[in-house]
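I am opening a notebook on a structure that is new to me, and I will write down each thing as I look it up.

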Amino acid sequence: MKKKIINIGIVGCGRVFDHYVKIFNRRKSNDFKVHVVCDKEKKRADRAARIFKSQKIYNFSLMLKKFQNKLDLIIILTPSGLHFEQSMLALKNNFNVLCEKPATMLASDALKIEQLSKRKNLMFGIAFQNRFNKSVITLKKLYKKNKFGKILLVNVRLLWSRNQSYYNDKWHGRWRLDGGVTNQQAIHHIDVARWIFGPVSEVNSMMTNQINKLQAEDTNNSIIKFKSGATGSIQVTTAVRPSDLIASLEVIGEKGFIVLGGVALNKIENFYFKDISKIEKKMIEESNEKVENGYGNSHSKIIDIAIKNIKNNKKSFPISATDGYATANLIHSLYKSDERKKWVKVTNNVKSSRLGR
Ligand SMILES: NC(=O)c1ccc[n+]([C@@H]2O[C@H](COP(=O)([O-])OP(=O)(O)OC[C@H]3O[C@@H](n4cnc5c(N)ncnc54)[C@H](O)[C@@H]3O)[C@@H](O)[C@H]2O)c1
């Protein structure tokens, strides 16, 4: 039987694109081909096409027209504020989509993507890759096995460094296209905390610009309450100098605690559990992964799943637009609390008056 080759189109050939290049180059199976790359900057598309020996194009709408029925998957790696529009356009034109985080700037837009992908029977997935880290999978297993007992505290801390030059491009730190440290850097950690220990019921945030000049915040101090009764905090910044200091998720339960760290939530740095088997201890000790940078190792798992699902004609993805909605809704609640200077309940469709506008 002839092996099915998955034809891929990529839009956005900037920084994270180079990470995808490594992922594709290291992929053992040759069951895929990057068929076309698209960037509105000619030089970037030309360079990307040389890398993949692919076709190139400088306009996304034209790519969808020209490559109609020729691509099995479109990967969206453009600035965050373009993801919704480009995802909808790709789905309308009958393409499966894998989109970098965040899938949408407005939570309600994620539900529109979900509806359209279901109606069209197409796959839509989000690259919250840290959910596939060994450490995160172990954390989820331990929680499901009730190893923590009652959860008391869940803290997200991300103390990173981004220089002013990072914000001086055309989109980072802008309300319409990005948001600040909360929606750009800390979103992975917030997503994991919400996904495992959520839902979050109420939040109270104070956002500031400590050093960097950007429309949105470079620092966020939030306190949060979970529906379960757990409490927690989100303390995140890009104002550390000279370099990244820490990125962690601390979980304290009545029967144990764990600290996940590393630049990409790739390590279990500390733990204690009152009741733990040898097998579970071994699982924890084997959960650390070496990573090259903050992207971590798990984009490869995301790509594997996307390709496998498309081959098997399975039109779902483990991180759906509905999942993206829940995380975006929590993020909007954090921003709204800062805007109102008071506690905000995380109900359906909470809207910040700034993020995504
Ligand atoms: N999952 C992760 O760990 C991770 C890490 C970094 C970035 N990201 C996400 O990836 C996305 C891209 O980030 P980046 O750092 O690569 O940004 P970047 O600015 O380096 O690259 C974006 C590219 O998109 C191109 N582009 C902009 N508008 C376009 C359009 N209309 N049509 C075609 N191309 C267009 C730009 O020319 C640029 O080359 C962001 O949404 C970001 O949040 C995710």
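**Entry 1: a pair of helices.** I began with a contact between two helices, where His19, Tyr20, Ile23 and Arg26 in H1 meet His299, Ser300 and Ile303 in H10. Sorted by class, this contact of H1 with H10 has three nonpolar, three polar and one charged residues. I note here that what I am reading is a predicted model. I then looked up the geometry of the pair: the axes of H1, which covers residues 15-26, and of H10, which covers residues 299-311, come within 10 Å and cross at roughly 65 degrees. I recorded the crossing of H1 and H10 as right-handed.

**Entry 2: the ligand.** Next I asked which residues are the closest to the ligand. I found Gly12, Gly14, Arg15, Val16 and Glu100 in that place, within a surrounding group of 24 residues. By class, I listed the shell around the ligand as 11 nonpolar, six polar and seven charged residues.

**Entry 3: the sheet.** I turned to the strands and traced an open sheet of eight, with mixed pairing, in the order S13-S12-S11-S7-S10-S9-S8-S14. At its edges I noted S13 (267-273) and S14 (344-345), each of which pairs on one side only. Helix H8, residues 187-197, packs on this sheet and touches S7 (151-159), S8 (200-208), S9, S10 and S11 (246-253). The direction of H8 makes about 165 degrees with that of S7.

**Entry 4: the domains.** Last, I looked up how the protein chain is divided, and the domain assignment gives domain 1 as 6-130 + 298-319 and domain 2 as 133-291 + 327-345. How far apart do the C-alpha centres of domain 1 and domain 2 lie? I wrote down 26 Å for that separation. Where the two domains touch, 11 residues of domain 1 are in contact with 16 residues of domain 2. On the side of domain 1 that touches domain 2, I sorted the residues into five nonpolar, five polar and one charged.

Conventions. Residues numbered from 1 in each chain as written. Predicted model: local features only at pLDDT ≥ 70, side-chain atom pairs only at ≥ 80, totals over all residues. Axes fitted to C-alpha atoms, helices over the stretch in contact; angles between N-to-C directions. Helix = DSSP H or I, 4+ residues; strand = E, 2+ residues; numbered from the N terminus. Left-handed = near helix turned anticlockwise from the far one by under 90°. Contact = placed C-beta atoms within 7 Å. Nonpolar A, V, L, I, M, F, W, Y, C, P; charged D, E, K, R; others polar. Pairing = 2+ DSSP bridges. Near = placed C-beta within 6 Å. Domains from an automatic or database assignment.
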